[in-house]
Amino acid sequence: MAQAAVTTSDRTPVSPAPPAKAGRGVTPASILGWVIRQREATVIAITILTIIYFSIRTSAIYTVDNTIVTLQYVAPFIVIGAGEVLMLVLAEIDLSAGQVYLTAPWFVYWFWHAGLPVGLAILIALVLSAAIGLVNGLITVWLGVPSLIVTLAMTFGLYGLVLVVSSYTQEQMTWTRGTPPASPVQTPPCHGYPLPASCVHAPSWSHPSPYFYYSNILGIGGWATICWALLVLAVIWFLLKHTRFGVHVTATGGNILAAAEAGIPVQRVKIWCFMIISTVAGWIGILDLIRLGSMDPGDYGLNIVLPPIVAAVVGGTALTGGRATVLGTLIGALFLGILEDGLNLTGVSANYFYLLEGIIILVAMSLNLQLGRFAVRFRR
Amino acid sequence: MSAAPALPDEPAPDGAAAQPVSGAETDVILRTEGISKRFGAVVALRGIDMHLNRGEVLGLVGDNGAGKSTFVKILCGFQRPDEGRIFVEGQEVEFHAVKDARAVGIETVYQDLALVPQLTVYENLFLNRELTSVGKIGVLSRRRMRHLARQYLDNIKVNMPDLDQEVEMLSGGQRQAVAVARATRLNARILLLDEPLAAMGAKESALIMELVKDLSSQGVSMIVIDHNYAHLFALCDRLNVIQQGRITVDTRVADTSVEELTELMVRSFQRQLLAGQEALGEIAV
């Protein structure tokens, strides 16, 4: 087996090439086998089929505007979904991420309203988001309450907090104190996406507003959120696949006894993951606040956290722990976005919308599982 | 950033395994003196004097409740004895926790408890001892880990074609081999194996037996607990029979046979039964 030793040690960490069995070489069959063996293969196939279907039905799907709107819609799914991947690998779940996404903007607003600079308010909101994750983690790990319950309770609690403090009134984030500059200048919309109403005065290098930073530094115009979402996704992917921490997360989720036996601080690993998902959920929430400029205390977090979990699971992440695919979660989130966008564009009645969505997700998931079983046979 | 630990230092010369039963003090790697343990009214161990020679495979035989597992738990630091002393290479040691035993090179191998099924063979071998580059961020050096894992497995003659395979996909024997390899790679000099051949086919058993022989010839000493005499005779150099918390028989495998041992156990069982009946009789009278 010396030959095998050479080939394995020569392979790069992420080996894109089909691992050819000694002596057989690369054949069409081996390439097909490699494709089927990939955990993300089925969800990619299903997504491509969905795109093809909707592009036949409507041409609007190809416009830049529509793409931006869809991606902005999908961005929180991608970010929270990537965070949920960490949770699901640990065989835990965080239902509060959606409510954190909604609450972090309120934190920004409250602290900004109290007179702090915007930058500082954002920083505090992020720290508080991380602290929410810390509380989730500590209760789960120390008291042994299932994370499903802990984070559900956290969702209720945060929802209530926002309702109480906001007195159930919507707020606009104007980003300006006192009287705005004399002549507001409207800048041309970027990439066809209009500036939010909250941009009262012209964002420029001399009068920068958060939206100005958002569109010029955090990203290019309407693409900012999706750029951030992809960045967060890439960081979590790298963390999970290429760092010690990632191996420890997988080990903790796969066999917590073995992980603890090997000396991995399993409790600390879990708490870190709770903090990571909470922080990134808060961050993407703040970005959406900057983009949209308004907050509604009636928005409910469970509506936001469930699609990312579906995205992760449709993408090929197991609910039982130890198995995850960050790439699959990205595709899963895109699948959900394209599905919703496509149904919208093809003029499906709002009444049928959720019914159809439910059926399609179930079908996609069942297909995924069946093909997955097939793939396992190939993997042996 | 730590370099992979190499093989256990100074492997014993070939033939060390065939040392006579009462090995010279210098070759005794592990020795216990009068280990006793009671749980409430139940006396589990009544003074166990045992020794393990370097590179030797010692089998522990005994009925359920004879005290085997209590003894092993004390050796691996999981429980503390009420009385008695433990010596590793002539030096007295005291274990307060499993990690104390591990620190002097005593490791217990459980087939399924030790491995993470979703991680690859080499990731399991390096679990929590991962090699990294880029300092504190801890980016995995997969190539280096694969290379060293391959080198080490070749060294202890474990045949593992694909190190990138997830442990879940391996057979029971291969998993056992990975678990043992991990323990010894981390400088374990004394392995406690709990039923290493349980639920294994002939081919699998052969794999583990070969591994045990190779390791013992490289100076790793092992204590094997098993109910199956055939397994013990195939694996061990020497057998200790534990009965009612004491070592009653200490014999080289070559000097005894499955039949003799079975008869011994049956006879003692009958004696106990008889004693029990007599005791009951006295109570009745």
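**Figure 1. Helix 4 crosses helix 13 in chain A.** In this predicted model, the axes of helix 4 (residues 64–89) of chain A and helix 13 (residues 301–314) of chain A cross at roughly 65 degrees and come within 8 Å. The crossing of helix 4 of chain A past helix 13 of chain A is right-handed. Helix 4 of chain A contributes A:Pro76, A:Phe77, A:Ile80, A:Gly81, A:Glu84, A:Val85 and A:Leu88 to the contact. From helix 13 of chain A come A:Ile304, A:Val305, A:Pro307, A:Pro308, A:Ile309, A:Ala311 and A:Ala312. By class, the residues of this contact are twelve nonpolar, one polar and one charged.

**Figure 2. The largest nonpolar core and the surroundings of A:Leu86.** The core holds 160 residues. Those with the most contacts inside it are A:Ile78, A:Val79, A:Leu86, A:Ile284 and B:Leu191. Helix 12 (residues 266–292) of chain A supplies the largest share of this core, 15 residues. Which residues does A:Leu86 touch, leaving aside its neighbours within four places in sequence? A:Leu86 is in contact with A:Ile236, A:Leu240, A:Val249, A:Cys273, A:Ile276 and A:Ile277.

**Figure 3. Chain A overall.** Chain A has 15 helices and two strands. Of its 380 residues, 43% are buried. Among contacts in chain A with a separation of 6 or more, 74% join residues 24 or more positions apart.

**Figure 4. The contact between chain A and chain B.** Each side is listed by its residues: 26 from chain A and 26 from chain B. On the chain B side, strand 8 (139–140) and helix 4 (142–155) of chain B are the elements that give two or more residues. Helix 4 of chain B gives the most to this side, with five residues. The chain B side comprises 13 nonpolar, six polar and seven charged residues.

**Figure 5. The six-stranded sheet of chain B.** The strands of this open sheet follow the order 6-9-10-3-11-12 in chain B, with mixed pairing. Strand 6 (106–109) and strand 12 (246–252) of chain B are the edge strands, and each pairs on one side only. From one strand to the next, the twist averages 20 degrees. Helix 5 (residues 172–185) of chain B packs on the sheet and touches strand 6 and strand 9 (190–194) of chain B. The direction of helix 5 of chain B makes about 170 degrees with that of strand 6 of chain B.

**Figure 6. B:Leu60 within the sheet.** B:Leu60 lies in strand 3 of chain B. Strand 3 (residues 57–61) of chain B pairs with strand 11 (residues 238–243) of chain B in the parallel sense, over four bridges. The bridge partner of B:Leu60 in strand 11 of chain B is B:Asn240. Is B:Leu60 buried or exposed? B:Leu60 counts as buried because 23 other C-beta atoms lie within 10 Å, and the cut-off for a buried residue is 20 or more. Leaving aside neighbours within four places in sequence, its contacts are B:Lys68, B:Ile223, B:Ile225, B:Asn240 and B:Ile242. The C-alpha atoms of B:Leu60 and B:His227 are separated by 8.9 Å, with the two residues 167 residues apart along the chain.

Figure 7. Strands of a sheet pair through backbone hydrogen bonds, either parallel or antiparallel. Strand 1 (residues 28–39) and strand 2 (residues 42–53) of chain B run antiparallel, joined by nine bridges. B:Ile35 has B:Ile48 as its bridge partner in strand 2 of chain B. The hairpin of strand 1 and strand 2 of chain B has two residues between the strands. In this hairpin, B:Gly40 takes a positive phi near 60 degrees. Strand 1 of chain B also pairs with strand 4 (residues 83–88) of chain B, in the antiparallel sense and over five bridges. Opposite B:Arg31 stands B:Phe87 in strand 4 of chain B.

**Figure 8. Chain B overall.** The secondary structure of chain B comprises eight helices and twelve strands. Buried residues account for 42% of the 285 residues in chain B. Of the contacts in chain B between residues at least 6 apart in sequence, 71% join residues at least 24 apart.

Definitions and conventions: Residues are numbered from 1 along each chain as its sequence is written. Chains are lettered from A and ligands numbered from 1 in the order in which they are written. This is a predicted model: local features need pLDDT of at least 70, side-chain atom pairs count only at pLDDT 80 or more; totals for chains, interfaces and linings use all residues. Two residues are in contact if their C-beta atoms, placed from the backbone, lie within 7 Å. Ala, Val, Leu, Ile, Met, Phe, Trp, Tyr, Cys and Pro count as nonpolar, Asp, Glu, Lys and Arg as charged, and the others, Gly among them, as polar. A nonpolar core is a set of buried Ala, Val, Leu, Ile, Met, Phe, Trp, Tyr and Cys residues joined through C-beta atoms within 7 Å. A residue is buried if 20 or more other C-beta atoms lie within 10 Å of its own, exposed if 12 or fewer, and partly exposed in between; C-beta atoms are placed from the backbone. Two strands pair if DSSP finds at least two bridges between them. Axes are lines fitted to C-alpha atoms, for helices over the stretch in contact, and angles run from 0 to 180 degrees between N-to-C directions. A crossing is left-handed if the near helix is turned anticlockwise from the far one by less than a right angle, and right-handed if clockwise.
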